[in-house]
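Reader: Could you take me through a few local details of this model once I have it on screen?
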Amino acid sequence: MYKDILQSIDGIEFYAIGAMVLFILFFIGMIIWVIRVDKNYIKRMSELPLKEDKPGKNGLMNFKNLQGGPNEL
Amino acid sequence: MELEKFSYDNEIVRKFAFATTLWGLVGMLVGILLAIQLFAPVFNFNIPFLTFGRIRPLHTNAVIFAFVGNAIFMGVYYSLQRLCKARMFSDLLSNIHFWGWQLIIVSAAITLPLGITTSKEYAELEWPIDIAIALVWVAFGINMFATIIKRREKHMYVAIWFYIATWITVTVLHIVNSIEIPVSFLKSYPIYAGVQDALVQWWYGHNAVAFFLTTPFLGLMYYFLPKAANRPVYSYKLSIVHFWTLVFIYIWAGPHHLLYSALPDWAQSLGTVFSIMLIAPSWGGMINGLLTLRGAWDRVRENPILKFMVVAVTAYGMATLEGPTLSLKNVNAIAHFTDWIIAHVHVGALGWNGFLTFGILYWLIPILWNTKLYSKKLANFHFWIGFLGIVFYALSMWFSGVTQSLMWKQFTTLGVLQYPNFLETVLQIVPMYIIRTIGGLLYYVGVLVMVYNLVKTVKQGSFVKEEQAEAPTLAKFKDPLRKGSYHRWLEGKPLTMLLAALVLILIGTFVEFVPTFLVKSNIPSISSVKPYSPLELQGRDIYIREACNSCHSQLVRPFRSETERYGEYSKAGEYVYDHPFLWGSKRTGPDLHRVGSKYPNLWHYLHMENPSSMSPGSLMPAYPWLLTNDLDISSTESKINVMKSIGVPYPDGYEKIANAELEKQAEKIAIDLQNSGVAAEPNKEIIALIAYLQRLGTDIKTNPDITGQAGN
């Protein structure tokens, strides 16, 4: 059945194989990037939500701390 | 360094926080009413607006779009401003979004009980409301993107990626699934029919779960969990992998809602494969959430906010393992159409969405009002009673689902069904329905306690409407991490990110849709299948209005237990004129696809008037108003016209004689009923409904040539 479908659309092979190749390339690329990425960048990004409450390491954020959430409970 | 002063808009966050709480109370209350009606149908008080079929979509829509929807917006408006270090782009757009969304909810709350529905699950709202949703959604999108563009923080935190993917995917889903031709101001037919309509609907339905109940909440998790735990997310790298794999894979999995259906087999298998693949990113996300608390578990014991969040993330993990399990054909054969699915969605809704929302509310409200939470004890109480509620709910529904399914499939040693009477399998699980209701009530008590706690908190604090902040502008901002890379380029550009997410979801969409839509052989035609007569068409719309498809499927699966019980299994070609398809997703009552000519007209007449007169002990509600309501035939001509415009082959000029045909057929049924001893009039709604029910699944009975079956 699937064969029949494939045969009835022109160039369908490219369509299916293309989707798979894209999929594989995309994930390989992503994994390579994730492995090679700069550690400082990752650290800085992961601290983004927390930095807003207090002056950041780079001294970039400096607004008033409202309060610390769970510690206030 | 020069700093810019600005303020965060907390007012819009407050509005959405109120809205999510209010609609949560409403939506869950309707849920409890429904749960009670399932074992005591008398609790519809014989009012059409309160029957199960009409308020079931009210419950689902209220919980998904009102409770969860407003919670999403509350979290997005709070976190986006802070992550972008910028006020929302436009207060006006924020308010248009808020009030527009509430207006849509109110219009849903009015139209659904009136029976104004498209019948498509989680997309029941009729076309004018669909347009309103699109407009409000666009307002939200413009506001969000403009805020991201004017941000003062160069990099976009992963939560924002989830918001972007949510926005673009929901846009695509909503538009594609809402393509319908209006018949009148509040009635439309979808351009898709039968199998294609089913595929589009479940591509939508599944991804509404994925991109409305999951991705935005993951964004919230990645923001609020680190905030509440006061530590960064366990692995930011993992969150990147989590994001891209989830966005790519989720969109393919829709057909797992249609296993063993008349959908072509290859599409079903595609759905299964991608569902299994989904375990990887979903568990990656769950592990990332839980490990954020590594070394801080002692605080979970102390802190109710973290408790809520831990259970929410765990429920996410459980539901996303259960989902792929249910997508396996052998498991689905047992679980589909049963309460197991109800258990599954409620682990997600009560656990993941509910508990994460509660956790965020407990964290956010004291901050917005610059105070402390009124009572930690009450929050702990809420946690435990809510948790207990989920346990009661899920266990009873798992048990009920498996029990009933096994009863449906049980044969005696003589090879006949052991429980040929469907009702017997329903009555068996009534105790589970009662336990489920208790679970729901416990959960609701918890929510009431939360509302009390939050109101007290609000009263003791003072609201910080404008939160002052300062940050360097982006232009003056120098990235301390100068080393460039591809992904940093990508996540620095919101529109590129949006396009990348769009391309990813469209790949899966096209692979599923194109063959099903373009290739005729996927839907083999059956020559004896003819369009509905005008009376049947009107009857079908009454079936839709009363949402009979909430409890009755129209899809006999190719199992011996089903063909024995219902008759020949359903073929794709039988549905080619079904705009919309009415396969249903739950069998609270028996399948109806082969109900045509099974019973005399009189049986249906008396059954609709009082179901237990025909099936003693039946839990189906009565529909006495169908016997007295006059059938509105003024719409027949436009209905036929619309059907013709979307490809149903009525002869030329048929719309002009349609009502004459309708009356002829109605007269015949009425005379038959009168001969059986009831004073039925031909112009009542019940006549049209009987005509439709008697037609169901009979086309292939008139012609034994059913060789053109779907490609299995």
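Reader: Where in chain B is Pro580(B) found?
Author: In this predicted model, where local features need pLDDT of at least 70, side-chain atom pairs count only at pLDDT 80 or more, and totals for chains, interfaces and linings use all residues, Pro580(B) lies in the loop between α19 (560-565) and α20 (601-609) of chain B. Helices here are DSSP runs (H or I, at least four residues), numbered from the N terminus. Residues are numbered from 1 along each chain as its sequence is written, while chains are lettered from A and ligands numbered from 1 in the order in which they are written.

Reader: And which residue does a cis peptide bond join to Pro580(B)?
Author: That partner is His579(B), and omega is about -5 degrees. Most peptide bonds are trans.

Reader: Switching topic, what is phi for Phe45(B)?
Author: Phe45(B), although not a glycine, has a positive phi of about 55 degrees, and its place is in the loop between α1 (11-37) and α2 of chain B.

Reader: Is Phe45(B) buried or exposed?
Author: Phe45(B) is exposed, because 9 other C-beta atoms lie within 10 Å; buried takes 20 or more, exposed 12 or fewer, and partly exposed is in between, with C-beta atoms placed from the backbone.

Reader: What about phi of Asn230(B)?
Author: Phi of Asn230(B) is also positive, near 60 degrees, and the residue sits in the loop between α6 and α7 (236-250) of chain B. Asn230(B) is partly exposed, with 15 other C-beta atoms within 10 Å.

How values were computed
Helices (H or I, at least four residues) and strands (E, at least two) are DSSP runs, numbered from the N terminus.
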